[in-house]
Amino acid sequence: MVRRVNRLRAKGCVCGREKMPPVQPIEWNDKLYYSAHAHAKDLNRRRELSHYGRKGENISQRISKTGYDWKVVGENLGEGQRSFNEVFEDWIESPSHCKMLMNRKVEDMAVARVGKYWVQHFGKQFN
């Protein structure tokens with residue numbers, strides 16, 4: 001998954017009508033995986049696609065619970081895709097999701113799937 005995202009980031013792309021130049025590669029982060037997996041489980045349990053947790057928590061609150069000392073965070077969601085390639089293609093076709101994939105401010109990512117729900121978390125930590 002990281003290789004696929006980094007291939008896109010290395011060549012650049014067009015998100016909607018906006019040309020996105022190449023950006024640096026990103027790395028897998030386990031803390032982001034824990035937050036993405038927890039949110040995917042919550043979405044599956046509730047059977048609804050939402051950027052908010054069942055108690056109203058936003059992405060920054062959910063990622064902070066993992067101990068990820070974030071400076072920047074972002075999230076892509078998907079529902080119903082059968083593979084990472086399928087959800088990735090859907091994200092590329094959506095200007096806002098595509099821009100998140102190409103965001104030069106992020107350095108880390110993780111992806112989790114529970115049932116039919118996909119959660120991709122991005123971040124950059126304070127160093």
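**Figure 1. The largest nonpolar core of the predicted model.** This core has 23 residues, and Phe84 and Leu101 have the most contacts inside it. A nonpolar core is a set of buried Ala, Val, Leu, Ile, Met, Phe, Trp, Tyr and Cys residues joined through side-chain atoms within 4.5 Å; buried means under 20% relative accessible area (1.4 Å probe, protein chains only). At least two core residues come from each of α1 (2-11), β1 (13-15), α4 (84-93), α5 (95-101), β5 (108-114) and β6 (117-125), with α4 giving the most, 5 residues. Helices (H or I, at least four residues) and strands (E, at least two) are DSSP runs, numbered from the N terminus. The model is predicted: local features need pLDDT of at least 70, side-chain atom pairs count only at pLDDT 80 or more, and totals for chains, interfaces and linings use all residues. Residues are numbered from 1 along each chain as its sequence is written, and side-chain values use heavy atoms, without hydrogens and water.

**Figure 2. Surroundings of phenylalanine 84.** Apart from neighbours within four places in sequence, phenylalanine 84 is in contact (heavy atoms within 4.5 Å) with Met1, Arg4, Val5, Trp91, Val111 and Trp118. A second, separate core has 8 residues, including Leu77, Ala112, Tyr117 and Val119.

**Figure 3. The disulfide of cysteine 15 and cysteine 98.** The sulfur atoms of this pair are 2.1 Å apart, and a disulfide is a pair of cysteine sulfur atoms within 2.5 Å. The link is left-handed, with -65° about the S-S bond. Because cysteine 15 lies in strand β1 and cysteine 98 in helix α5, the pair ties together parts 83 residues apart in sequence. Cysteine 15 is buried at 1% relative accessible area, as is cysteine 98 at 0%.

**Figure 4. Cysteine 13.** The closest cysteine sulfur to that of cysteine 13 belongs to cysteine 98, at 3.6 Å, too far for a bond. Cysteine 13 is buried, with 14% relative accessibility.

Terms used. Buried means under 20% relative accessible area, exposed over 50%, partly exposed in between (1.4 Å probe, protein chains only).
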